[in-house]
Amino acid sequence: MYRESEVAFEEDEESGGPSGRVSQFEGAVVAVGALGVVESLELRIVPSFQVEQCKYRNIQLPTGPNLQTIFEDLMLSAYSVSLFTIWAPGPSVTLSSVWAKHNINGTHAPITKGCESKLLGSDLLQDDIHMGEWGDPSVCTQGGRGAWNVKLSHFLPNALAADGNEVQSEYFVSLSSVGSAMSAMQVAMSTMLPELRGTLRTCEIRIVEADRHWLSPCFRRECVAFHFTWHLPRLLQEGALLPDQTLPLILNALEIIETTLAPFDMLPHWGKVFVTPPDSLRRSYAKNLPAFNLLMRHSDPYGKFRNDFITSYLADNVPLRELRDETEL
């Protein structure tokens, strides 16, 4: 069990990584299964609160030097803000919709002012919409006020949000460089959009707070996440599943996206599809990997939870203990 109060390593002032009196908990939160099976979880909760959700369509964010300020003002205008786009060609980033969720009465965070009749020139929608043109609005949470556990989610808890033929990718960059990152993405994605039409369902852009979890893409930095939902059609001919040519198209798109975002300290989501090579991610997490490897050897000395992915991306070359008898486990 890992608790926030338990101490494993101290922080190394020179490298910025953990080395001594730092909680093991901070190394265990993001562990991609390398520390074993999570069988229970304690949550720190806040009092229940009300959320007002507001939806807007077709907002233009002009690329260039002012985009950073416009973006930050927009994202800080509510308790939670999600921007949706398919990166339509043009000089501006076209947001197909913006979903703003306001904290009406919660005591754990600043209260925001609620729905505005206009947002960056776009009228507040009276009808409910899906974040993508392909979707059914009835599966999404509606506008207006309600409990946090209903309104903070994009989809209703009992609804089928997708058809099961999707894969997802997500990339994190520093908030401080998101204006330049979005401007670069607009150029790169505009050139790919014709061949990705029907494959890219939507891209959600949101802010993620900084944390202290060793393998988190947002370790000690406020992040912006670019989350892509890709559609993989299932093609049937006389009852047989045909080879799908969509996945190579997606993987090629991911290479271009990762190259575009690389100058902005891009890191991928560990649990979603990415093509970043192991050596690149090892360099990005170089300050924290030595401590994480100590934690892996402490939690799993025989390597029972290791696989090719963990060996390639995370593990060092220190030999594991040899298991002589299954009763040792």
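In what order do the 8 strands of the open sheet stand, and is the pairing parallel or antiparallel?

1. **Ground rules.** This is a predicted model, in which local features need pLDDT of at least 70 and side-chain atom pairs count only at pLDDT 80 or more, while totals for chains, interfaces and linings use all residues. Residues are numbered from 1 along each chain as its sequence is written, and side-chain values use heavy atoms, with hydrogens and water left out.

2. **The sheet.** To take up the opening question, the order is β8-β3-β5-β4-β10-β11-β9-β14, and the pairing is antiparallel. β8 (144-147) and β14 (267-268) each have a single partner strand, so one side of each edge strand is left without a neighbour in the sheet. As for terms, strands (E, at least two residues) and helices (H or I, at least four) are DSSP runs numbered from the N terminus, and two strands pair if DSSP finds at least two bridges between them.

3. **Strand pairs to look at.**

4. Contact here means heavy atoms within 4.5 Å; axes are lines fitted to C-alpha atoms, for helices over the stretch in contact, and angles run from 0 to 180 degrees between N-to-C directions.

5. **The nonpolar cores.** The largest nonpolar core has 63 residues, and L83, W87, F226, F228, I257 and L261 have the most contacts inside it. Helix α4 gives the largest share of this core, 7 residues. Apart from it lies another core, of 6 residues, including F84, W99, I129 and V139. A core is a set of buried Ala, Val, Leu, Ile, Met, Phe, Trp, Tyr and Cys residues joined through side-chain atoms within 4.5 Å; buried means under 20% relative accessible area, exposed over 50%, and partly exposed in between (1.4 Å probe, protein chains only). Leaving out residues up to four places away in sequence, L83 touches residues including L61, F71, L74, M75 and L95.

6. **Salt bridges.** The whole structure holds 9 salt bridges, each a side-chain nitrogen of Lys or Arg within 4 Å of a carboxyl oxygen of Asp or Glu. In one of them, R145 pairs with E52, the closest N and O atoms being 3.8 Å apart. R145 lies in β8 and E52 in β3, so this pair ties together parts 93 residues apart in sequence. R145 is exposed at 56% relative accessibility, whereas E52 is buried at 14%.

7. **A linked set.** K272 forms a salt bridge with E170, with closest N and O atoms 2.7 Å apart. K272 sits in the loop between β14 and α6 (278-284) and E170 in β9, so the pair ties together parts 102 residues apart in sequence. E170 is buried, at 2% relative accessibility, and a network of salt bridges links E170, R206 and K272.
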